[in-house]
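Hi everyone, thanks for coming.

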Amino acid sequence: MTDVSQARKQSSPSARGEGFDLAKLLLEGRAFFALIVIIVVFSILSPYYLSVANFLTMASHVAIFGILAVGMLLVILNGGIDLSVGSTLGLAGVVAGFLMQGVTLTWLGVVLYPPVWVVAVIACMLGAGVGLINGVLIARFKVPAFVATLGVMYMARGLALLMTSGLTYNNLGGKPELGNTGFDALGFNRLFGVPTGVVVLAVIALIGSIVLNRTAFGRWLYASGGNERAAELSGVPVKTVQVSVYVLSGICAAIAGLILSSQLTSAGPTAGTTYELTAIAAVVIGGAALTGGRGNIRGTLLGAFVIGFLSDGLVIIGISSYWQTVFTGAVIVLAVLLNAVQYRRRSKLPSSTGGQPTSQQRGKAEPANPAQGKTAR
């Protein structure tokens, strides 16, 4: 066979794997198709499911999971895991509730009622602090991410319980005469008919997408998650990126905690229990690889909507909460299996390209340009 015929064969769609492949389409778009199936099925089972009012209510519930999932995506892209986001969410809510009750300064004999924006800033700083502890333990002291974030998870939950003695703050309305009202706006106000939580999720997702696709930090993140050693040799500040993603995850958890406390009109120390698992599930359903380096904001949001719409749909049609847990777990297991199939197919792809190494293979063999660690988004 001549060189020309070989080149033509390799450039054909079948040789490059670029022809229409229904299985590949369904596999890579599984979160979107799953969401469509969920909406169609529950719309048939209940006439109230797809009403505008119910759709907005479900979206406001999804906002909590979605915000957590965006922060979790950044960590997973880096090849890590953050088990502390649920506890951070609860701790941030408790701190916000404590501040909204008024801070008594006994030595001065006064009670301070900070405005809501100050409460929000302090809660976000707290989330960043928790994330910083995680990042330093993992990046500087080389503690495995699972162990470090598990320990911080218990610490944050314990602090929340200590602050409240296991009780719940119910009065989050503030003092009108002191001007610190408005905390309920996060959970109940709407902008152009859209719940505030959904708007916040959209803003965070937009910022996250821009950061991942248009900035050097995004390229560094994909590169360090795909091959940390190669990224480090290429000049990527791997440790700084690693600390930064945990800080951002902590901030996202704090924001979710503020919105959840506002929606519930209360702040309890047990809020956010197991939410870290839901966030991980949303990222996995969205197609991200738990090994790092592959995933995107769009898929993560779809994963959050799949979980949220499935859970709310099961409630609407009257399914037992125990069965809801079973169904949600089954969806997660299926998503993990499909991820394994998807990335196994990609790993076998070089054998059909005439033995030419892909960018991923080159990244494992030699220091590559950090931009090569990005996936299509």
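Which residues in helix 6 meet which residues in helix 8? From helix 6 we have G86, S87, T88, G90, L91, V94, V95 and F98, and they meet M153, A156, R157, L159, A160, M163 and T164 in helix 8. Contact here means heavy atoms within 4.5 Å.

A quick word on what you are seeing: this is a predicted model, where local features need pLDDT of at least 70, side-chain atom pairs count only at pLDDT 80 or more, and totals for chains, interfaces and linings use all residues. Residues are numbered from 1 along each chain as its sequence is written, and side-chain values use heavy atoms, with hydrogens and water left out. Helices are DSSP runs (H or I, at least four residues), numbered from the N terminus.

Back to our pair. The axes are lines fitted to C-alpha atoms over the stretch in contact, and angles run from 0 to 180 degrees between N-to-C directions. Nonpolar is Ala, Val, Leu, Ile, Met, Phe, Trp, Tyr, Cys and Pro, charged is Asp, Glu, Lys and Arg, and the others, Gly among them, are polar.

Next, please find helix 4 (residues 30-45) and helix 15 (residues 297-316), which pack at about 20 degrees with axes 9 Å apart. That makes helix 4 roughly parallel to helix 15, and this crossing is left-handed. Helix 4 brings A31, F32, A34, L35, I38, I39 and F42 to the contact, while helix 15 brings L302, F305, V306, F309, L310, G313 and L314. That gives 13 nonpolar residues, 1 polar and no charged.

Now for helix 10 (residues 196-214) and helix 13: what is the angle between them? About 170 degrees, with the axes 11 Å apart. Helix 10 and helix 13 are therefore roughly antiparallel, and they cross in a right-handed way. G197, V200 and I204 of helix 10 meet C252, I255 and I259 of helix 13.

Finally, the lining of the second largest pocket divides into 12 nonpolar, 13 polar and 2 charged residues. Helix 5 gives the largest share of that lining, 6 residues.

Thanks, and I'm happy to take questions!

Terms used:
Helices (H or I, at least four residues) and strands (E, at least two) are DSSP runs, numbered from the N terminus. Angles under 35 degrees count as roughly parallel, over 145 as roughly antiparallel, 65 to 115 as roughly perpendicular and the rest as oblique. A crossing is left-handed if the near helix is turned anticlockwise from the far one by less than a right angle, and right-handed if clockwise.
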